[in-house]
Amino acid sequence: MSRRLSERRLIVASHNAGKVREIAELIAPFRIEAIPAASLGLDEPDETETTFKGNALLKAHAAAKAGAMPALADDSGLCVDALKGEPGVYSARWAGPAKDFNLAMRLVHERMLAIPGAPETARFVCVLALAWPDGHAEAFEGEVSGRIIWPPRGERGFGYDPIFVADGHHLTFGEMEPEAKHAISHRARAFAKLIEACFERS
Ligand code: IMP
C-alpha cells in the first residue's frame, strides 16, 4: 500500500524549466502548491545512479531532506532502439554543459545515420519519485513509444521533443499543444500512476 500525500504542498525537485512547467501543469487540477526547488535555493544533486528510478529517488530524497517537506522528482530520457537505449539516463548530458539540445538531437541523428538500416523506433521514459523528509519514498514509471524523425520540427516543448513522433500520431512533441502531449506523454503516464497511488481524492 502506497503512502498518501496529506500535505498541501510539495517541492518540484528539478532545475529543468521544461520539466518544472509540465509538472506544474499536471499538478494544477489538484489543490497542491508546487514549489520549484530553485525558488528555495536548493542545489541539484549529481545524478550518480545508472537507472531512471535510481536518479529520481536520489533527487527526491535530497530535496525532501533539504527542504523539510515532500518532494517530487522526475528522471527521464529518450531511449533509441538503434542506439541500444542511448542516450537514456544520459539524455541531459548529451546536450553538453551549454544544454544545447540542437546539438544533442543532431548527435542522435548522426549516430543513427552511421548504422545501416537502423530502425527509427524510440521511447521516452519517465520515473517520478515522491519522497518525504522521514526517508519514505514512492516511485512510478511511464513511457511512450514512437519514432525519431529528421529534421526537427516544432517550437513547443523542450529537450528532444522536436525529433519525437509518438505512435499513432504525425505531429512531433515539439509541434503538439501542451494538452495533447499531456494526454499521451511518459511524464503524464507516470503522473497518472502517482495520483492513483498517492494523492488524496478531494
Ligand atoms: P534528467 O532527467 O534531468 O537527467 O534529464 C532528462 C533529459 O531527457 C531532459 O533534459 C531532456 O533532454 C530529456 N527529456 C525528458 N523528458 C523529455 C520530454 O518530455 N521531452 C523532451 N525531452 C525530454
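Let me start with a term: contact means heavy atoms within 4.5 Å. Buried, for its part, means under 20% relative accessible area with a 1.4 Å probe, counting protein chains only. Helices are DSSP runs of H or I with at least four residues, strands are E runs of at least two, and both are numbered from the N terminus.

Now, some housekeeping, friends. This is a predicted model, where local features need pLDDT of at least 70, side-chain atom pairs count only at pLDDT 80 or more, and totals for chains, interfaces and linings use all residues. Residues are numbered from 1 along each chain as its sequence is written, and side-chain values use heavy atoms, with hydrogens and water left out.

First stop, α2, residues 52–67. Its buried residues include Phe52, Lys59 and Gly67, and their cover includes β1 (9–12), α1 (17–27), β3 (71–80) and β4 (121–131).

Staying with α5, its buried residues pack against α1, β3, β4, β5 (137–148) and α4 (178–184). Phenylalanine 191 touches Leu26, Ile27, Phe30, Leu128 and Phe199, leaving aside residues up to four places away in sequence. At the N-terminal end, serine 185 caps α5, with a side-chain oxygen 3.3 Å from the backbone nitrogen of arginine 187.

How values were computed:
Buried means under 20% relative accessible area, exposed over 50%, partly exposed in between (1.4 Å probe, protein chains only). A polar contact is a pair of N or O atoms within 3.5 Å; within protein, one must be able to donate a hydrogen and the other to accept it, and residues adjacent in sequence count only if both atoms are side-chain atoms.
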